[in-house]
Amino acid sequence: MLGLKKLIERFKGTQVHALNPPDSNGVNTTGSSSTPGNCRVKFKGSKQKSSKACSGSGAETLIPFGFPRTDHLEPSIEPHLKPIQLIETLADLFRQSEACLESEKSLIYIEQYSILSSLGDPKLLRRCLRAARQHALDVHSKVVLSAWLRYERREDELEGVSPMDCSSRFILECPKATLVSRYDPNSIYDNCKCYQECAKSTDSHISKVKTLEEDSDVSFCVGNEEIDCIRFKIAALSRPLKAMLYGSFKESKSRKIDFSHTGTSVEGMRAVDLYSRTRRVDLFPPEVVLELLSFANRLCCEEMKYDCDIHLASLVSCIEDALILIEFGLEERANFLVASCLQVLLRQLPSSLYNPKVMKMFCSFEAKERLASAGHASFILYYFLSQVSMEVNTVSNVTVMLLERLRECTAQKWQKALALHQLGCVLLERQEYASAQCCFEAAAEASHVYSLAGNARCRFKQGQRYSAYKLMSSVISEYKAVGWMYQERSLYNVGKGLMI
């Protein structure tokens, strides 16, 4: 009570406390200032006027960095989905996740992630990513989500930790477990088997091959070389080879078959023979396995292609390997090889963003189409890439191109709204107001009401203050009013109504 009484008595006078500290050279006991340095501000009822010195050196001393500018006080348009009814939207997503198919659950948790991003709670966001990874069906989604989880933990900032190391006890983020095509939602709680070494000896297989060389009954001629093979084993590799060796073609009755014009080298044909006997590709160097993969694609040897694909995928360990092998994998439609290369590039984010070859792999429309043909262009991939790029440099050309690719990968309404809204936010930061306004309008048409705030901001930046005010007023009257609506409209008020 004593403190309240003093506070009331303090405001009974006509004088506001001095903005400048009192002069240490003299003591003023009369309550008035005799020097310009002790400028005091009076109420309207006071007859004494303030000194002109307030607008001079005193103001510079009081505000050394100048007066605040309006554009510095403007709240930023958040690049996230912000539903008007947050609790109801999250409850609806929960009901969908309980009733939908397993193939749809992963994307529902990604949608939940995009909505909860506006709250800024890293634990909630990581939980959404874990749930999405748990219900990921295909290898591509596992690769992207595992890399995303690693990025959220900022493991790239730890010294001495390799991107391809498995630093978790469980297989949730294990780089090898992501390349396993089987689906089991409870498998993420299994212990990781990265540290279990399985040694394989090849001596017995090689000796077995030597004993089988006597059974050769057909030769394939490549140039001046003849490679002796077993007819029924070569025929077992694919239906085209079986039709050639046992069908109505002349090769079915020939002891020697010319293979010089098939694009297969001598080493490659010997590898085909050895594979037909052993069904193994780890006996060959990588360049020979690449030729085996090409041979398997041309002659539809599905089992050989799968084995080559898996083996090559296990050899990728650095960006240099990934950039070389991903080109070959895209040409040969080797999905596991492309996934392994993609995993190396993603697990080294954000540093790999500075590699122009890596960005060329993701940013251009042609590159996205090539990834799509191999089954590795998705909304999840470009959502992750655009998030990382926005954190590194929001206004960069790379960010804009990635968001363009993200928009091209959209399939559902919320995905389209998110991609257009984020692109609008980036263009707004780049001061491309007309293009940003078009993006915000398209996002609003996809039922994202918060994008109307971005639309109003773009109008204001283009000098259409009244139009921005009317737009936000209509939003308040049409929808359930929330805080950001009033905050945004207050930026466009005039006179006494201006509040920030």
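## The second largest pocket

On a 1 Å grid over the protein atoms alone, a pocket is an open set of points where a 1.4 Å probe fits, with protein on both sides within 12 Å along at least five of seven lines; a cavity is a set from which the probe cannot get out, and lining residues have an atom within 4 Å of a point. The model is predicted: local features need pLDDT of at least 70 and side-chain atom pairs count only at pLDDT 80 or more, while totals for chains, interfaces and linings use all residues. Residues are numbered from 1 along each chain as its sequence is written, and side-chain values use heavy atoms, with hydrogens and water left out.

The second largest pocket has a lining of 30 residues, and those nearest its centre are Ser 76, Ile 77, Pro 79, Met 390 and Thr 394. Its volume is about 620 Å³, where a volume is the space filled by probe spheres set on grid points that are joined across faces, edges and corners. Helices (H or I, at least four residues) and strands (E, at least two) are DSSP runs, numbered from the N terminus. Two or more lining residues of the second largest pocket come from each of H6 (122–134), H7, H18, H20 (413–429) and H22 (451–461). Helix H18 gives the most, with five residues.

By type, the lining of the second largest pocket divides into 14 nonpolar, eight polar and eight charged residues. Here Ala, Val, Leu, Ile, Met, Phe, Trp, Tyr, Cys and Pro count as nonpolar, Asp, Glu, Lys and Arg as charged, and the others, Gly among them, as polar.

## Aromatic rings

A pair of aromatic rings is described by the distance of the centres and the angle of the planes. Rings of Phe, Tyr and Trp (its six-membered ring) pair if their centres lie within 6.5 Å; planes under 30 degrees apart count as stacked, over 60 as edge-to-face and the rest as tilted. The count by this rule is 11 aromatic pairs. One of them joins Tyr 113 and Tyr 383 edge-to-face, at 6.1 Å centre to centre and with 75° between the planes. This pair links distant parts of the chain, 270 residues apart: Tyr 113 is in helix H5 (residues 102–116) and Tyr 383 in helix H18 (residues 379–392). Both Tyr 113 and Tyr 383 are buried; buried means under 20% relative accessible area, exposed over 50%, and partly exposed in between (1.4 Å probe, protein chains only).

Trp 148 and Phe 384 form a stacked pair, because their ring centres are 5.2 Å apart and their planes lie at 25°. Trp 148 belongs to helix H7 (residues 139–152) and Phe 384 to helix H18, 236 residues apart. Trp 148 is buried at 1% relative accessibility, and Phe 384 is buried at 0%. One aromatic cluster is formed by Tyr 113, Trp 148, Tyr 151, Phe 379, Tyr 383, Phe 384 and Trp 414.

## Salt bridges

How many salt bridges does the structure hold? There are 15 salt bridges, each a side-chain nitrogen of Lys or Arg within 4 Å of a carboxyl oxygen of Asp or Glu. In one of them, the closest N and O atoms of Glu 226 and Lys 256 are 2.9 Å apart. Glu 226 lies in strand S2 (residues 225–229) and Lys 256 in strand S3 (residues 256–258), so that the pair links distant parts of the chain, 30 residues apart. Glu 226 is partly exposed, with a relative accessible area of 40%.Lys 368 and Glu 408 form another salt bridge, with 3.7 Å between the closest N and O atoms. Because Lys 368 lies in helix H17 (residues 365–373) and Glu 408 in helix H19 (residues 397–408), the pair ties together parts that are 40 residues apart in sequence. Lys 368 is buried at 8% relative accessible area, whereas Glu 408 is partly exposed at 33%. Within helix H19, Glu 404 and Arg 407 are three residues apart, about one turn of the helix, and their salt bridge has its closest N and O atoms 2.5 Å apart. Glu 404 is partly exposed at 23%, and Arg 407 is partly exposed at 32%. Salt bridges with shared partners join Lys 368, Glu 369, Arg 405 and Glu 408 into one network.

## Two loop residues

Ser 76 is in the loop between helix H3 (70–73) and helix H4 (86–99), and counts as exposed at 52% relative accessibility.

Ser 314 is in the loop between helix H13 (302–313) and helix H14 (319–332), and is exposed, with a relative accessible area of 54%.
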